[in-house]
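Here's a quick briefing on a protein model, meant to be read with the coordinates open.

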Amino acid sequence: MLKLDEVNPEDMSGDVSESIPSNLISNIYAIDSINDALLLLKSEPVFSNLFDEDEQMWLEKFKNLSNQSKSLVIRLYGRSQKIFRKSEFIKIIPNYTKQCLSELRCLGFISTDMQSLSAETLIHSLNRQELDQLAGMYNIKNFKSLTMVQLKDTLLKTSSISPMASFFKFPTQSKDKFKGLITRILDGCWHVNETYTQLITRLLCLISLGSESAHNRPNKLQSIEALLKTELYSMLLVRRGEVIFPSYVVNRKSTLYRTSEEFQKFLEFMSLEIRLEYLISQKLYDFGMQLCLDKKTKLIDDVTNLSFRRTDLPHFLRRFTSPYRAFRSLLLMIDIYERQRKYNEAIKLIETLLSLTWSLNDD
């Protein structure tokens, strides 16, 4: 297996620092790490098989981006903010804005088409002046006395209630009109395509499976993207020789992820686990419980379904499978129940899990 410290310098893109503007100079190590990750993916057939032809083609195009555009992608990756104004890009890349936006738009990483975004996402991107403008369109009384949070909630409620649309049984028209008005206000703004953000997440996750920092994480990280972004620095430590992996021979015959779907489900549950840990650390138990309830059936099914069990893998590798992550999320759900003093619900879930241990004996 090719390791990061065995990457041939001739396969890399040359001296990255020469082409990076001074305000992005701190991203040089991250660009090198991304290049390493792409090289590793190409050299490992087991990993590359987890990406379909279109995804591999996109990653190849990403590899050929200018260093400025790669640096911008790294800056945008993992942010909770979904919509960006051109002025924000200018602050990040003042001398390369037009070039980078053109490259990333051709790549599909960013887009000006807001129709795929939810009304909630759109309205949370508006500033006070824009909210007032929208409130005026809906004739909301005394909107200037409302806080931004109150005004957003009022607008969302107003947009979902249209007497005329309800009468003619076309309730979606009101929401579509609402999104259309916000889109017009946001004319010239850009949003990051989540499809390709998730693709980068899958790439970084695969190359960080053996990293201790990726699985012994602080609770302050809000998302799996934030966690994996820290792995770019860990890869720098490998290149410097500050982190050295011992020599080893792989005797394992089983494939860790047999299909792309299996890998993506592992990522889904790991992402849920990270989010729950963060919400618990912030004492946001109601939000955490809602996430758990939305996924509860799926989590229990993954733990109990015999076809998902990976008894062919050694014990230490089963932590990288979806049943392991599903079980950990259910334990966090019990934790939230107890913190909310919902002991009956906690006991029921504990009993459910105990009754299922027969299917986990080998795990």
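A quick convention before the tour: buried means under 20% relative accessible area and exposed over 50%, with partly exposed in between (1.4 Å probe, protein chains only). This is a predicted model, where local features need pLDDT of at least 70 and side-chain atom pairs count only at pLDDT 80 or more, while totals for chains, interfaces and linings use all residues. Residues are numbered from 1 along each chain as its sequence is written, and side-chain values use heavy atoms, with hydrogens and water left out.

**Cysteines**
- Cysteine 292 is buried, at a relative accessible area of 0%.
- Cysteine 106, on the other hand, is exposed, with 71% relative accessibility.
- If a disulfide is a pair of cysteine sulfur atoms within 2.5 Å, the model has zero disulfides.

- Helices (H or I, at least four residues) and strands (E, at least two) are DSSP runs, numbered from the N terminus.
- Helix 4 (residues 67-76) is largely enclosed by the rest of the structure, because nine of its 10 residues are buried.
- Isoleucine 93 sits in the loop between helix 5 (86-92) and helix 6 (97-107), and is buried at 0% relative accessible area.
- Isoleucine 93 and glutamine 68 are 25 residues apart along the chain, with 7.9 Å between their C-alpha atoms.

**The cavity**
- On a 1 Å grid over the protein atoms alone, a cavity is a set of points where a 1.4 Å probe fits but cannot get out; a pocket is an open set with protein on both sides within 12 Å along at least five of seven lines, and lining residues have an atom within 4 Å of a point.
- Grid points are joined across faces, edges and corners, and a volume is the space filled by probe spheres set on the points.
- Searching the whole structure turns up one cavity of 30 Å³ or more, and the largest cavity has a volume of about 40 Å³.
- Its lining is made of Ile34, Phe62, Val73, Ile74, Tyr77, Ile200, Leu204 and Leu232, with helix 4 and helix 12 as the elements that give two or more residues.
- For residue classes, Ala, Val, Leu, Ile, Met, Phe, Trp, Tyr, Cys and Pro count as nonpolar, Asp, Glu, Lys and Arg as charged, and the others, Gly among them, as polar.
- On that basis the lining of the largest cavity is eight nonpolar, no polar and no charged.

**The second largest pocket**
- The second largest pocket holds about 710 Å³ of space.
- Its lining has 26 residues, and Glu194, Ser223, Ile224, Glu225 and Ser271 lie nearest the centre.
- By class, the lining of this pocket splits into seven nonpolar, 10 polar and nine charged residues.
- Helix 14 gives the largest share of that lining, six residues.
- The second largest pocket lies between domain 1 (21-112 + 190-242) and domain 3 (257-357), because both give residues to its lining; the domain bounds come from an automatic or database domain assignment.
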